[in-house]
Amino acid sequence: MAMGWNYVGFVLLVVFLLEAADFCDGGVTSSFVRTANISADMPLDSDVFQVPPGYNAPQQVHITQGDYEGNAVLVSWTTPDEPGSNTVLYWAENSKTKSHAEGIVITYKYFNYTSGFIHHCTIKNLKFDAKYYYEVGIGNTTRQFWFVTPPRSGLDVPYTFGLIGDLGQTYDSNRTLTHYVLSPIKGQTLLFVGDLSYADDYPFHDNVRWDTWGRLIERSAGYQPWIWTAGNHEIDFAPDIAKSTPQYKWLLHELPKVNRTETPWLIVLMHCPLYNSYIHHYMEGETMRVVYEAWFVEYKVDVVFAGHVHAYERSERISNIAYNVVNGKCTPIPNESAPVYITVGDGGNLEGLATGMTEPQPSYSAYREASFGHGILDIKNRTHAYFGWNRNEDTYAVEADSVWLRNRYWTSSEESYVVSS
């Protein structure tokens, strides 16, 4: 599966992909060492898992973008005892006019678990760059939240994304989420690069741990869209990446349709990184890289975010598209048309950090650190964006790593114009 959003002024291509060699010395390997690498899941009676008071009160409220343009929001929530109301009541800030939208409700069973009543409701025809309040539930168990719609897309429209991956529900997971929510640099939408609750690490994939995770993230996901990528902990099979698959065909036709004069930034989300210098999951993305990397270079993808490896790493702009099985050109080389690859699989889950690293640090690796944390991508205009990564141990305003990103399409266009003139 795969999806794409024309979002604000940036195209997000969410690719659900699961699935480098001796190099010269590379960039920086952080000297920071955590005091502990393993963090247990929080107990079921933790305050962050607390069930809202009242009979059948809505819980696990979260939102995501409801259309391709930014004029709709999909609201989801669960009621534990009975279906209750499917209605979302909503209104614009400073408006006395309230509207309502009707949704659907579903349930499921998994082994010995029976879900609550899961509601999905899409609010449509919203104005750009506007704050809305919304309510779910009925009577004295009504709960109120709010969100801000994105601005109308344009070449120089600023926008800020948060980035988290492989979160889980440990004490470190809670620190990561708290760190993100309280950060002075606010993400307006969160991009999540897969591996959500880690419920499948329990016997029978204990789906109670999906419910606790939904209540954990509500403090953020109820107020801003979370855009999801599936990880290996969300699916029970290894996907096929052959040329006959829907994912391959979709990406083949989707990339040429991106109009960089309308959406200047092209961002790809996936779960398994194509470049990874940690021992854990080393080279797992190689098959994917062989299939898709040339497209990322051809269409000047600006940045690729991934998870899977439980650590942080940022690459240089490199590619390995010249390689085939007989020419021996197996070393990544600098390529200004290539994306920067950033791994943020460091949310804090119970499997712990990936601490082992390949040595020497390969030339494509600009910075790596085995710590938990989150990222912020701050789009400034059509040509420049700023990415910062915060480890959990830092104060909220301090970044452990950061980089200015220059847009591949607009930078090369402007440079060509300067040369020709």
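I call a residue buried under 20% relative accessible area, exposed over 50%, and partly exposed in between (1.4 Å probe, protein chains only). The model is predicted, so I took local features only at pLDDT of at least 70 and side-chain atom pairs at pLDDT 80 or more, while totals for chains, interfaces and linings use all residues. Residues are numbered from 1 along each chain as its sequence is written, and side-chain values use heavy atoms, with hydrogens and water left out.

**Entry 1: salt bridges**

I looked for salt bridges (a side-chain nitrogen of Lys or Arg within 4 Å of a carboxyl oxygen of Asp or Glu), and the structure holds twelve. Helices (H or I, at least four residues) and strands (E, at least two) are DSSP runs, numbered from the N terminus.

I started with Arg-408 and Glu-336, whose side chains meet at 3.1 Å, N to O. This pair links distant parts of the chain, 72 residues apart: Arg-408 is in helix 5, and Glu-336 is in the loop between strand 21 and strand 22. Is Glu-336 buried or exposed? Glu-336 is exposed, with a relative accessible area of 52%, whereas Arg-408 is buried at 7%.

Next I checked Glu-293 and Arg-289, which form a salt bridge at 2.6 Å, N to O. They sit four residues apart in helix 4 (residues 286-298), which means about one helical turn separates them. Both Glu-293 and Arg-289 are buried.

Then came Arg-314 and Asp-401, bridged at 2.8 Å, N to O. Arg-314 is in strand 19 and Asp-401 in strand 26, so this pair ties together parts 87 residues apart in sequence. I found Arg-314 buried at 11% relative accessible area and Asp-401 buried at 7%.

**Entry 2: aromatic rings**

I counted rings of Phe, Tyr and Trp (its six-membered ring) as pairs if their centres lie within 6.5 Å; planes under 30 degrees apart are stacked, over 60 edge-to-face, and the rest tilted. The structure holds 28 aromatic pairs. Tyr-132 and Phe-147 have ring centres 5.8 Å apart and planes at 20°, so they are stacked. Tyr-132 is in strand 12 and Phe-147 in strand 13, so the pair ties together parts 15 residues apart in sequence. Tyr-132 is buried at 6% relative accessibility, and Phe-147 is buried at 1%. I also noted an aromatic cluster that includes Tyr-132, Phe-147 and Trp-146.
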